[in-house]
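Biologist: I would like to go through this model with you step by step, one question at a time. Could you begin once it is on the screen?

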Amino acid sequence: QLQLVESGGGLVQPGGFLRLSCVASGSTLDYNVIGWFRQAPGKEREGISCIGSNNRFTYYAYYADSVKGRFTTSKDNAKNTVYLQMNSLQPEDTAVYYCAAGPPTVQPMCLIPRHYGAWGQGTQVTVSS
C-alpha cells in the first residue's frame, strides 16, 4: 500500500523559500500523478500543483494561478520522491501542505482533491515576519 510522508515545512519570512519533499513507500510513483495541496484554517483544500507522466520519457507539471511562477514541482523516480520548491513566499501561502498520489489523469483534473486516494499527513508552512 502506497504511503506518503511530507517534510520540509517551517517558518519563513515573506520573500523567503522552502522546499517540501514527499517520499513514497510501499509502491512506485512512476505511473502515478502526484498532487500538492494546501489548506489554510477555515478554507477549503486547494490544489496548487501536480506532476504526472505523459509517456515513458516525459512528464508534465501543472500549477494553479496562485502559485504559478513561484512554485516548481519535480520528481526523482530513483528516490521515489516528489519535491515542491516554493519561492517568494507570502503570508497568504501559510497553510498545511499535503502531497497525494492518484491514477494518471489530465490537467487540470490533477488539481482536484477527489482524484486522489493516497495522502500524506501534511506539513505546516508559516510565512510571517
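Modeller: This is a predicted model, in which local features need pLDDT of at least 70, side-chain atom pairs count only at pLDDT 80 or more, and totals for chains, interfaces and linings use all residues. Residues are numbered from 1 along each chain as its sequence is written, and side-chain values use heavy atoms, with hydrogens and water left out.

Biologist: Which residues of the largest nonpolar core touch the most other members?

Modeller: A nonpolar core is a set of buried Ala, Val, Leu, Ile, Met, Phe, Trp, Tyr and Cys residues joined through side-chain atoms within 4.5 Å, where buried means under 20% relative accessible area, exposed means over 50%, and partly exposed lies in between (1.4 Å probe, protein chains only). The largest such core has 27 residues, and those touching the most other members are Leu4, Trp36, Phe71, Leu84, Met86 and Tyr97.

Biologist: Which strands each supply at least two residues of this core?

Modeller: Strands (E, at least two residues) are DSSP runs, as are helices (H or I, at least four), and they are numbered from the N terminus. In soluble globular proteins, nonpolar side chains tend to be buried together. Here the strands that each supply at least two core residues are β3 (18–25), β4 (33–39), β5 (46–53), β8 (81–86), β9 (95–102) and β11 (123–127).

Biologist: How many residues are in the other core, which lies apart from this one?

Modeller: That other core includes Val33, Cys50, Tyr60 and Leu111 among its members. Its residues number nine.

Biologist: What is the pairing when the bonded cysteines are numbered in sequence order?

Modeller: The whole structure holds two disulfides, and besides Cys22 with Cys99 there is Cys50 with Cys110, whose sulfur atoms are 1.9 Å apart. Cys50 sits in strand β5 and Cys110 in the loop between β9 and β10, and each of these two cysteines is buried. In sequence order the pairing is 1-3, 2-4.

Biologist: Is Tyr116 buried or exposed?

Modeller: Tyr116 is found in the loop between β9 and β10 (118–119), and its contacts (heavy atoms within 4.5 Å) beyond four places in sequence include Val33, Phe37, Cys50 and Cys110. Because its relative accessibility is 7%, Tyr116 counts as buried.

Biologist: Which residues do ring pairs link into a cluster?

Modeller: Rings of Phe, Tyr and Trp (its six-membered ring) pair if their centres lie within 6.5 Å, and planes under 30 degrees apart count as stacked, over 60 as edge-to-face and the rest as tilted. There are four aromatic pairs, among them the edge-to-face pair of Tyr98 and Trp119, 6.4 Å centre to centre with 80° between the planes. Tyr116 and Trp119 are also edge-to-face, at 6.2 Å and 70°. The cluster consists of Phe37, Tyr98, Tyr116 and Trp119.

How values were computed:
A disulfide is a pair of cysteine sulfur atoms within 2.5 Å.
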